[in-house]
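Work through these exercises with the structure in view. Try each task before you read its solution.

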Amino acid sequence: MKISSVEKNDLIPLKKILSKEFSYLKWDPAFIENRLSDPSLKMFKLMEGKKFVGFIELEFMDELTARINGLAVKNGFRRQGHAKKLIDFALAFLESTGIEEVNLLVRKSNQHAKKLYESKGFYLAGIHDRKIQGETIEVYAKPLAEKDYLN
Ligand SMILES: CC(C)(COP(=O)(O)OP(=O)(O)OC[C@H]1O[C@@H](n2cnc3c(N)ncnc32)[C@H](O)[C@@H]1OP(=O)(O)O)[C@@H](O)C(=O)NCCC(=O)NCCS
């Protein structure tokens with residue numbers, strides 16, 4: 001198991017997983033390539049040997065805030081802790097860049113993902129201002145750097 005940056009040569013397995021799990025967007029190769037070269041976005045992949053097992057996409061919203069835009073683990077590799085590892089890796093990466101708060105959008109009905117995010121310290125922070133495919137979207141958030149206000 002290894003986590004590293006997604007590269008342009010990951011386009012084929014990446015397109016496959018994005019199209020399956022986030023089918024409300026059209027994932028043509030040019031769109032994916034643009035995202036990979038966008039400096040406000042960062043994508044990490046989890047590999048089992050040569051198999052592309054999952055990914056996490058992060059977006060820098062401003063100097064202190066980032067968002068987890070997407071997270072998926074392939075069917076057949078689930079419930080083995082891969083998503084937890086991707087989140088841990090992403091949070092450590094974001095903390096190292098000075099990010100102080102991470103948020104994410106998740107379908108209200110996606111109980112599995114919500115359980116996962118809650119286990120990583122995210123809390124329900126509000127309701128997103130628009131629906132996706134008719135579904136209510138919740139905003140979850142997690143502060144990264146605990147500030148010591150006594151000093
Ligand atoms: C959500 C998703 C990323 C989880 O990936 P995963 O590698 O299976 O997750 P993990 O093995 O790290 O599981 C972590 C925790 O999440 C929860 N969870 C994940 N899948 C679950 C399921 N099918 N049933 C119940 N709880 C589940 C559990 O709390 C689990 O901990 P546990 O196994 O100790 O009980 C994966 O199911 C997926 O890709 N789903 C489709 C895309 C998606 O919904 N992405 C998230 C929204 S952006």
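**Exercise 1.** What share of the contacts in the protein chain with a separation of 6 or more comes from residues 24 or more positions apart?

*Solution.* Start with the source. This is a predicted model: local features need pLDDT of at least 70, side-chain atom pairs count only at pLDDT 80 or more, and totals for chains, interfaces and linings use all residues. Residues are numbered from 1 along each chain as its sequence is written. Next, define a contact: two residues whose C-beta atoms, placed from the backbone, lie within 7 Å. The share is 54%.

**Exercise 2.** Which residues are closest to the ligand, and which element gives the most to the shell around the ligand?

*Solution.* The shell holds 19 residues, the closest being Val73, Arg78, Ala83, Lys84 and Leu116. Two or more residues each come from β4 (65–73), α3 (82–96) and α4 (111–119). The most come from α4, with 5 residues.

**Exercise 3.** What is the radius of gyration of the protein chain?

*Solution.* Take the radius over C-alpha atoms; the globule rule is 2.2 Å times the number of residues to the power 0.38. For 151 residues, a compact globule would have a value near 15 Å. The protein chain has 15 Å, which agrees.

Note on methods. Near = placed C-beta within 6 Å. Helix = DSSP H or I, 4+ residues; strand = E, 2+ residues; numbered from the N terminus.
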